[in-house]
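Q: Could you take me on a close look at the salt bridges in this model, and then at the helix packing that goes with them? I would like one connected walk through the details.

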Amino acid sequence: MAEAQRRVGLVLARASRVLGEEPFYHEFIEGLERVLTPTGVSVLVKVVTDREAENESYERWAEHKRVSGVILVDLSPDDDRVELVKRLELPAVVLGAPSTAFGLPTVWTDDTDYAREAIRFLADRGHRVVGQLSGPLSFVHTRLRRDGAQAEAETLGVSLIQAEGDYSYESGRAATVELLAGKPTAIVCDNDVMALAVLDTLREHDLAVPGDVSVVAWDDSGLCQLAVPALSAISHDVVRIGEIAAKAMLDAMAGEPPAVYQAPPAHIVARDSTT
Amino acid sequence: MARRETPAAGPGSRALVVDVIRSARSISRVELAEVTGLTQPSISNIVRVLIDDGVIHETGSADSTRGKPRILLSINPYSRFGMGFHLGAETLTCVAVDLTGGVVGREVVPLATGENGGDLAGRLVARFADFTDGLDLPVNRIEGLAIVAPTARPGFESAGPDLAAVRAELADRLRMPVLVENDAAAAALGEFWSRRVSREQAFGSVYLSTGIGAGLVFSGALFRGASFDAGELGHLSIRYDGRPCPCGNQGCVERYASMAAVVEDARQDPELAGRLTLDGSVSSAYDVIARAAVSGDPQAFALIDRAATHLAVAVASMVNLLDLGRLVLTGPAVASAGSIYARRLRSHLARTAHARNRHPIAVELSAQPRDAASIGAAALMVQAAIAPGHTTSAH
Ligand SMILES: [Zn+2]
C-alpha cells in the first residue's frame, strides 16, 4: 500500500490552453515544489473552467481530506473563496494584496508600485500617450495595476488609455486594435502572451517597434527574450515568489498566525522593444 | 443506425477527420470535405458518429462567402482525458490532459524507482487512484495511461525497472489501455498535438534533459524505428575524434550540449564554480547556470551559448536528413535558458539548412518544457483513442 500523500491544492480557473501558454504558473509551481517536495508535501494543480467548479473542488477536497491546504490566486474584491476556506477549515495562503485576504496569510507583490514604475519608465523616455492592456478587471491585482498606472500618469501629465484582455493571445490582438484608436506611442501589457499579440498586431498595422510604438510586458519569460524585437519586461523572480508561498503554506499548515509575506522586488529589464 | 462505412471512409478516415479538425481549431463540413478529399456524405457520417461519441461538437457558425452560415466543428475538450506518468530518478510526474492536449491536472510525488522501488506496479496503481480522486476525474472518461522514462543506455537495458511487466500488470489492474514510451518521443507527440500542428508538417522536437533526445512526427504519427529507439539525437557525433561517449562512439553531441555536459564544464571553470552555487544535483546546478545566463552573467551565457552552438550543428544534420519544416525545443533544460538555444538554432539553420531556400524551418520554444514528457504521454493516449490507427506502442 502506498502511504497517503500530504499535498497542497492549487486550483486554476481558466481554459487549459491559457495555462499552457503562460509561463507564470509553471515558474510559480516550480518554486512551490522546490520548498515543499523535500518536506514530503506535493502540489496538486487542478485546472477548472469556472469559479463555481473551483469552489466545488475545495468542498470535495475538504470533505475527503485530500489536501492539507490550498493556495488561492486571482482574487476578486469581496471574494467568496476567503469565507469558504475558513468555513471548510482549510489552511490557505493568498497570492495577492493583504486588503483582499481578510486575515488569511498573503504573499504580496506590490502591483500598484510596479505599474507606477512602468509608467515612469516610459514617461522618462518621452512617451506622453500610453496604452495599458490589462488582464480581467474582475481580479484585484488588475485593478491595483490600473489604479497605479492611472495615478502615476496623472502625476506625470501622461495621457493613459486602457483596454481589457483575458491574458490570451487572441484577446491581446483585439485589445491592441482598441488601444490604437487612441494613438499611443507605448503599450504596457499585463502578461507576456498578450505582449506578443501586441507585437504581431503592430506589425500588421505597419507600425515599427520601438520606432512608432514601444512595448513593455509584465512577467519576463523565454517568450519575451525570443520575441522580435526582444521585449522589455517587468521581471519578477516568480520561482522565488513560489518558494515564499510554500513557506507561508507550511506555516499555515503548522497553525502559525497569519502574516504578510513580502515578495522580492521586481525590476524592469530594458530590451529592444522600448526606446 | 446510420450506415457507417463507404469504401472511401474506413477507420483511417475517422482519424484523418479528427486530425484535421484538431489542427484547424474549428472547421465546417464543407471545408472538411475539401481538405480531406472525402465525399460530403462520408464526412456527414463520420461527423455524426464523432458528435455522438462526444469527441467533437458544433461550436456556432461563421459567415460564409457562399451565402448561408456555416456550422463550425471543433474538438470537445472536456469530454475525455488522457493520463501520463513520467518516471524520474526520485519522483513521478502525473499529468492529465483533455482532448486538445491542455493540462487539467498535475502533481509531482516522490517515488523511488530503483532497487528500493519494490512493487512498482502496485505503487503506480495507488498513485493513479490518488491522482484521479484528487482531480475528481471519472475513471470511465479516462482513455488510458502512458508511462514515460528515459531510454536505457546500450548495455544498461536491464538496469531499470522492467517496464514491459509493469505495463502488463497496470493494464490488467486499471482495466484500461497502458502504453510505455520514451520521454523524447512522447514530448514530441505532446507538442504536435497541443500546438495543433497539421499532419502535413514534417515535425520534430528536441528534448533537452540530462541527455538529449529527439522525437519525430510524420503524417501525424510518431516515427519509432525498428526497436522504438528512433531519435537518439544525443548520439549523433559532431566530431569523429571528439569526447568519448559511454555509447561507444566519439564526439556525440550529448557530450557537449546536455545538461550534464554544461554542468561538468562549469564545475571545471574555477571562476564560475566559485561564483555560482554548483553543488547538488546536475539539474539544480544546471538551473543555477541557466538563470545566471539569462540574467546577464556573461560567462554563464557563453557556456550555454557554446552548448547551443554544438547542438545546432547536430540539429542541422537531423533537419537535413529528414527535411523537417518545424521544430520545437523542449525538456527541463530549456525551461530557463531556452531562448539562448532557440536563437542559436534559428541563426544556424537559416545559414546552413539545405532546404532553407525552399521553405522556412520554424524553431519554437515549448510553453511547458519541464512537463513536456508527461504531457506528451497523456496526449499519446488521447491520440490513440480519438485518432486511432495512428500509433503503436513499444509494448
Ligand atoms: Zn554517444
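A: Let's start with Arg14(A), which is buried, with a relative accessible area of 10%; buried means under 20% relative accessible area, exposed over 50%, and partly exposed in between (1.4 Å probe, protein chains only). Its partner is Asp74(A), and the closest N and O atoms of this salt bridge are 2.5 Å apart. A salt bridge here is a side-chain nitrogen of Lys or Arg within 4 Å of a carboxyl oxygen of Asp or Glu. The pair links distant parts of the chain, 60 residues apart: Arg14(A) sits in the loop between strand E1 (6-13) and helix H1 (16-21) of chain A, and Asp74(A) in the loop between strand E3 (69-72) and helix H4 (80-87) of chain A. Asp74(A) is buried as well, at a relative accessible area of 12%. Helices (H or I, at least four residues) and strands (E, at least two) are DSSP runs, numbered from the N terminus.

A word on the ground rules: this is a predicted model, in which local features need pLDDT of at least 70 and side-chain atom pairs count only at pLDDT 80 or more, while totals for chains, interfaces and linings use all residues. Residues are numbered from 1 along each chain as its sequence is written, chains are lettered from A and ligands numbered from 1 in the order in which they are written, and side-chain values use heavy atoms, with hydrogens and water left out.

Over all chains, the count comes to 46 salt bridges. One of them is between Arg34(A) and Asp287(B), with the closest N and O atoms 3.0 Å apart. Arg34(A) lies in helix H2 (residues 23-36) of chain A and Asp287(B) in helix H10 (residues 282-294) of chain B, so this pair joins two chains. Arg34(A) is partly exposed, with a relative accessible area of 35%, whereas Asp287(B) is buried at 9%. Both belong to a network of salt bridges that also links Glu30(A), Arg240(A), Glu243(A) and Arg370(B).

Arg127(B) counts as buried at 5% relative accessibility, while Asp130(B) is partly exposed at 22%.

Now back to H10(B), the helix that holds Asp287(B). H10(B) packs against H11(B) at an angle of about 110 degrees, with their axes 7 Å apart. That makes H10(B) roughly perpendicular to H11(B). Axes are lines fitted to C-alpha atoms, for helices over the stretch in contact, and angles run from 0 to 180 degrees between N-to-C directions; under 35 degrees counts as roughly parallel, over 145 as roughly antiparallel, 65 to 115 as roughly perpendicular and the rest as oblique. In this contact (heavy atoms within 4.5 Å), Tyr286(B), Ile289(B), Ala290(B), Ala292(B) and Ala293(B) in H10(B) meet Ala300(B), Phe301(B), Leu303(B) and Ile304(B) in H11(B).

H11(B) (residues 298-322) also has helix H8 (residues 259-267) of chain B beside it, their axes coming within 10 Å and crossing at roughly 140 degrees. That makes H8(B) oblique to H11(B). Here Val262(B), Asp265(B) and Ala266(B) in H8(B) meet Leu303(B), Arg306(B) and Ala307(B) in H11(B).
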